[in-house]
Amino acid sequence: KSLIFGYDLISYRALTFIFVIFHFWILKKLQYEKNFELSFFVLILISSSFSFYAGQYVGYIFSSFVFILIFYLIKRNYNEQYNKLIFILLFLKIYNHLVNIYLVVPVILSLFIFSNKKKFINNFLLYFLLPIIVFYFVSIVLTGLAVLKVPSVDLNFILIFFTENYQKI
């Protein structure tokens, strides 16, 4: 099949199911009752969109796993030991889909309320805000270069083109 399609489709589907298993692993670590796990599994299976998402690799199951992992880390965040990792995961959520900001902002606010303010601000700036600024700046520049259809990818040409067309980019 990889000769026909150019990539192994089963590998992409396997990734989705691996992250479904990771969902249950996190639920088990959170020590929920087995009845809850079973009902959660049944609800997922009868969901009309699960078969669609599981049949293709579109990233929604991975995205929900990241939120479950964030929830797990927040629940185990004694002495703010996981704040850095939580901020990195929150950055990934926003960078992956900007609409996740509606879910990320309440998490950040709750972390702010229950954390040491000085430590929170340092971690927030270094592990959340700085990566967002850097990655979105690079994304904006690359999108601008792509829209302007740069004729050469030589680094010297790109730098000169960037300085000359900064406003258009």
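This is a predicted model: local features need pLDDT of at least 70, side-chain atom pairs count only at pLDDT 80 or more; totals for chains, interfaces and linings use all residues.
Visitor: Is E80 buried or exposed?
Guide: The cut-off for buried is under 20% relative accessible area. E80 comes in at 15% relative accessibility, so E80 counts as buried.

Visitor: What is the phi of E80?
Guide: E80 is a residue other than glycine, yet its phi is positive. The value for E80 is near 55°.

Visitor: And K149, is that residue buried or exposed?
Guide: K149 also has a positive phi, about 55°, although it is not a glycine. You'll find K149 in the loop between α8 (117-147) and α9 (155-164). Exposed means over 50% relative accessible area. With 67% relative accessibility, K149 therefore counts as exposed.

Visitor: How do α7 and α8 run, roughly parallel or roughly antiparallel to each other?
Guide: Helix α7 spans residues 101-114, and its axis lies 9 Å from that of α8. The two pack at an angle of about 150°. Angles over 145 degrees count as roughly antiparallel. That is why α7 and α8 are described as roughly antiparallel.

Visitor: How many charged residues does the contact of α7 with α8 have?
Guide: On the α7 side, the contact is made by V104, I108, L111, F112 and I113. The α8 side brings K117, F120, F124 and F128. Sorted by class, 8 are nonpolar and none is polar, while the number of charged residues is 1.

Visitor: Which element gives the largest share of the largest nonpolar core?
Guide: That core has 28 residues, and I70, F87, L90, V104, I108 and F128 touch the most other members. The elements giving two or more residues to this core are α2 (9-29), α5, α6, α7 and α8. The largest share is 8 residues, and it comes from α5.

Visitor: Which residues is I108 in contact with, leaving aside its neighbours within four places in sequence?
Guide: I108 belongs to the α7 side of the contact with α8, and it is also one of the core residues that touch the most other members. With those sequence neighbours left aside, I108 is in contact with F87, L90, F120, F124 and F128.

Visitor: How many residues are in the second, separate core?
Guide: L145, V150, F162 and I169 are included in this separate core. Its count is 7 residues.

Visitor: Are the planes of F112 and F120 stacked or edge-to-face?
Guide: The whole structure holds 17 aromatic pairs. In this one, F112 is partly exposed at 34% relative accessible area, whereas F120 is buried at 4%. The ring centres of F112 and F120 are 5.2 Å apart and the planes sit at 65°, so the pair is edge-to-face.

Visitor: Which residues do ring pairs link into a cluster?
Guide: Here ring pairs join several residues together. The cluster is made of F19, F22, W25, F62 and F65.

Visitor: What distance separates the C-alpha atoms of N123 and K84?
Guide: N123 has its place in helix α8, and at 6% relative accessibility it counts as buried. Not counting residues up to four places away in sequence, N123 touches N83, K84, F87 and F128. N123 and K84 are 39 residues apart along the chain, and their C-alpha atoms are separated by 6.0 Å.

Conventions:
Residues are numbered from 1 along each chain as its sequence is written. Side-chain values use heavy atoms; hydrogens and water are left out. Buried means under 20% relative accessible area, exposed over 50%, partly exposed in between (1.4 Å probe, protein chains only). Helices (H or I, at least four residues) and strands (E, at least two) are DSSP runs, numbered from the N terminus. Axes are lines fitted to C-alpha atoms, for helices over the stretch in contact, and angles run from 0 to 180 degrees between N-to-C directions. Angles under 35 degrees count as roughly parallel, over 145 as roughly antiparallel, 65 to 115 as roughly perpendicular and the rest as oblique. Contact means heavy atoms within 4.5 Å. Ala, Val, Leu, Ile, Met, Phe, Trp, Tyr, Cys and Pro count as nonpolar, Asp, Glu, Lys and Arg as charged, and the others, Gly among them, as polar. A nonpolar core is a set of buried Ala, Val, Leu, Ile, Met, Phe, Trp, Tyr and Cys residues joined through side-chain atoms within 4.5 Å. Rings of Phe, Tyr and Trp (its six-membered ring) pair if their centres lie within 6.5 Å; planes under 30 degrees apart count as stacked, over 60 as edge-to-face and the rest as tilted.
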